[in-house]
Amino acid sequence: MFNVIKVKDYEEASDKAFEVMKDFIKPGKVLGLATGSTPIGLYQRMVKDHEENGTSYKEIKTFNLDEYVGLPISHPESYYAFMHRNLFDHIDIPEENTHVPSGLGEDLEAQAAAYDAMIAKDPVDIQLLGIGSDGHIAFNEPGTAFDSPTHVTDLAESTIKDNCRFFDNDISKVPTQAVTQGIGTIMKAKNILLIATGANKAQAVKDMINGPVDEACPASILQKHDNVTIIVDEAAASLL
Ligand code: F6R
């Protein structure tokens, strides 16, 4: 069942997301984290809270959703670099407690299976999600099996176009593959917090909430999860 929280704009969405997340920033908790534009406001609030209130991440573990295939971690658009720049470098989390899937290596599928095994040992208490304009969650594009484990995937054309803005608006620079937690992996999280803002998410939000549970809209599977909070701004909620 969905708990849908409607807010005015991105700033209010980030405030509300922080309120939800705060309950999970406690010793022993496991946070599932995301990249992209959506969570940046939330991460800013987590950093501010750490700096002003001393909220500690020393005994927290994190697992990220995904990583581009083939980008070195030193590349500024790698999700490893994104997480360090926007969150990890500004809080007291030990590096060994943070996990971002690796998009480099000889056997990415074996590494993906090992990533799922790590998550199985430390189940995620709350998984933060954005949503793609095509309804993807993590990089599970339309048509991905609902029981998929962490795997290597091709990015949809629309996702490559959406992410072009991070690569000098040059489509040839956008990686075409990613390692992503599977939908099966994401569904094992105890709680899910999805944030959607902006008019380009309106159709995907409508399909996720009101549409059939269908692989054509990967996020629609969340209708089958027991604890999902969805924070939507006015623009993203405009078709509801
Ligand atoms: C990021 C991720 C993606 C994004 C989605 C929305 O780790 O898994 O599914 O959440 O593409 O991206 P933004 O937030 O940039 O609109």
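Colleague: Which residue has a polar side-chain atom 2.8 Å from an oxygen atom of the ligand?
Modeller: This is a predicted model, so the distance is computed from its atoms. A polar contact needs a pair of N or O atoms within 3.5 Å. The pair here lies 2.8 Å apart, and its side-chain atom belongs to Thr35.

Colleague: Which side chain has an N or O atom 2.7 Å from an oxygen atom of the ligand?
Modeller: Ser37 also reaches a ligand oxygen, at 2.9 Å, but through a backbone N or O atom. The side-chain atom at 2.7 Å is from His136.

Colleague: How much of the ligand's area does the protein bury?
Modeller: Start with the ligand taken alone. It then exposes 400 Å². Of that area, the protein buries 93%.

Colleague: How many residues surround the ligand?
Modeller: The closest are Thr38, Asp66, His136, Ala138 and Lys201. By class, the shell has 4 nonpolar, 6 polar and 3 charged residues.

Colleague: Which pocket is the space taken by the ligand, and what is its volume?
Modeller: The ligand takes up the space of the largest pocket. The volume of that pocket is about 440 Å³.

Colleague: How many residues line the largest pocket?
Modeller: Closest to its centre are Thr35, Gly36, Ile131, His136 and Lys201. The lining divides into 9 nonpolar, 12 polar and 4 charged residues. The lining residues number 25.

Colleague: Which helix gives the most to the lining of the largest pocket?
Modeller: The helix in question spans residues 157-163. It supplies 3 residues of the lining, and it is α5.

Colleague: What is the volume of the second largest pocket?
Modeller: This pocket is lined by 15 residues. Closest to its centre are Asp116, Ile119, Ala120, Thr185 and Lys188. The volume is about 180 Å³.

Colleague: Which helices each supply at least two residues of the lining of the second largest pocket?
Modeller: By class, this lining holds 7 nonpolar, 5 polar and 3 charged residues. One of the helices covers 108-121 and another covers 183-187. They are α4 and α6.

Terms used:
Residues are numbered from 1 along each chain as its sequence is written. This is a predicted model: local features need pLDDT of at least 70, side-chain atom pairs count only at pLDDT 80 or more; totals for chains, interfaces and linings use all residues. Side-chain values use heavy atoms; hydrogens and water are left out. A residue is near a molecule or strand if one of its heavy atoms lies within 4 Å of it. A polar contact is a pair of N or O atoms within 3.5 Å; within protein, one must be able to donate a hydrogen and the other to accept it, and residues adjacent in sequence count only if both atoms are side-chain atoms. Accessible areas come from the Shrake-Rupley method with a 1.4 Å probe; for residues, only the protein chains shown count as cover. On a 1 Å grid over the protein atoms alone, a cavity is a set of points where a 1.4 Å probe fits but cannot get out, and a pocket is an open set with protein on both sides within 12 Å along at least five of seven lines; lining residues have an atom within 4 Å of a point. A molecule sits in a cavity or pocket if more than half of its atoms lie within 2 Å of its grid points. Ala, Val, Leu, Ile, Met, Phe, Trp, Tyr, Cys and Pro count as nonpolar, Asp, Glu, Lys and Arg as charged, and the others, Gly among them, as polar. Grid points are joined across faces, edges and corners, and a volume is the space filled by probe spheres set on the points. Helices (H or I, at least four residues) and strands (E, at least two) are DSSP runs, numbered from the N terminus.
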